[in-house]
Amino acid sequence: MFNETDIDIQVRFAGGLGEPGSGAGKGGGAGGSIREAGGSMGKREAAFEDEYFYKQQKEQLKKLKSDLADEIGFHEEQIKRHQEAIARHKQRVNDLDKDK
């Protein structure tokens, strides 16, 4: 799947990324004037950014779980209604058999 040249290129690209917030051009772009400057302010900004996305992802997962729980409840209610309908129809069939 990969040859030695592909792996060598991947290693070279991965090695030049640097630390988040350590200055312009590292980590996929400038990211604003504070991050361009690098140093402790850039690292702090990168940490705030990471925290923001972590919280956002956490909220999305919480909403997804809630939505799935609602769907499960809906389907369980549908199952209950179908089981009741089946029981009614079976009773009607039994009643018709008795009338013969």
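Biologist: What percentage of the 100 residues in the chain do buried residues make up?

Modeller: A residue is classed by its relative accessible area, found with a 1.4 Å probe and protein chains only: under 20% is buried, over 50% is exposed, and values in between are partly exposed. In this chain, buried residues make up 7% of the 100 residues. Please note that this is a predicted model, in which local features need pLDDT of at least 70 and side-chain atom pairs count only at pLDDT 80 or more, while totals for chains, interfaces and linings use all residues. Residues are numbered from 1 along each chain as its sequence is written, and side-chain values use heavy atoms, with hydrogens and water left out.

Biologist: How many helices and strands does the chain have?

Modeller: Both kinds of element are DSSP runs, numbered from the N terminus: helices are runs of H or I with at least four residues, and strands are runs of E with at least two. Here there are 3 helices and 0 strands. The order of elements from the N terminus is therefore written α-α-α.

Biologist: What span does helix α3 reach from its first C-alpha to its last?

Modeller: One compares the span with an expected value, which is 1.5 Å times one less than the number of residues in the helix. Helix α3 covers residues 39–99, a run of 61 residues, and reaches 90 Å, close to the 90 Å expected.

Biologist: Which residues of α3 are buried?

Modeller: The buried residues of this helix are Gly42, Ala46 and Ala85.

Biologist: How many salt bridges are there?

Modeller: A salt bridge is counted where a side-chain nitrogen of Lys or Arg lies within 4 Å of a carboxyl oxygen of Asp or Glu. By this rule there are 3 salt bridges. Glu51 is joined to Lys55, with the closest N and O atoms 3.2 Å apart. Asp67 meets Lys63 at 2.9 Å, N to O. Arg81 is bridged to Glu77, where the closest N and O atoms are 3.6 Å apart.

Biologist: How many residues apart are Glu51 and Lys55 in helix α3?

Modeller: An α-helix has 3.6 residues a turn, so residues three or four places apart point the same way. Glu51 and Lys55 are 4 residues apart in α3, about one turn of the helix. Asp67 and Lys63 are likewise 4 residues apart in α3, and Arg81 and Glu77 also lie 4 residues apart in that helix.

Biologist: Which residues form an aromatic pair?

Modeller: A pair of aromatic rings is described by the distance of the centres and the angle of the planes. Rings of Phe, Tyr and Trp (its six-membered ring) pair if their centres lie within 6.5 Å; planes under 30 degrees apart are stacked, over 60 edge-to-face, and the rest tilted. The structure holds 1 aromatic pair. Tyr52 and Phe53 form this edge-to-face pair, with 5.1 Å centre to centre and 75° between the planes. Tyr52 is partly exposed, with a relative accessible area of 48%, and Phe53 is partly exposed at 47%.

Biologist: Which residues form a nonpolar patch on the surface?

Modeller: Patches are made of residues with over 30% relative accessible area and no salt bridge; like charges are joined within 9 Å, and nonpolar side chains (Val, Leu, Ile, Met, Phe, Trp, Tyr) within 5 Å. Leu61, Leu64 and Leu68 form such a nonpolar patch, with about 270 Å² of accessible area together. Areas of this kind come from the Shrake-Rupley method with a 1.4 Å probe, and for residues only the protein chains shown count as cover. Leu61 lies in helix α3 and is partly exposed at 47%.
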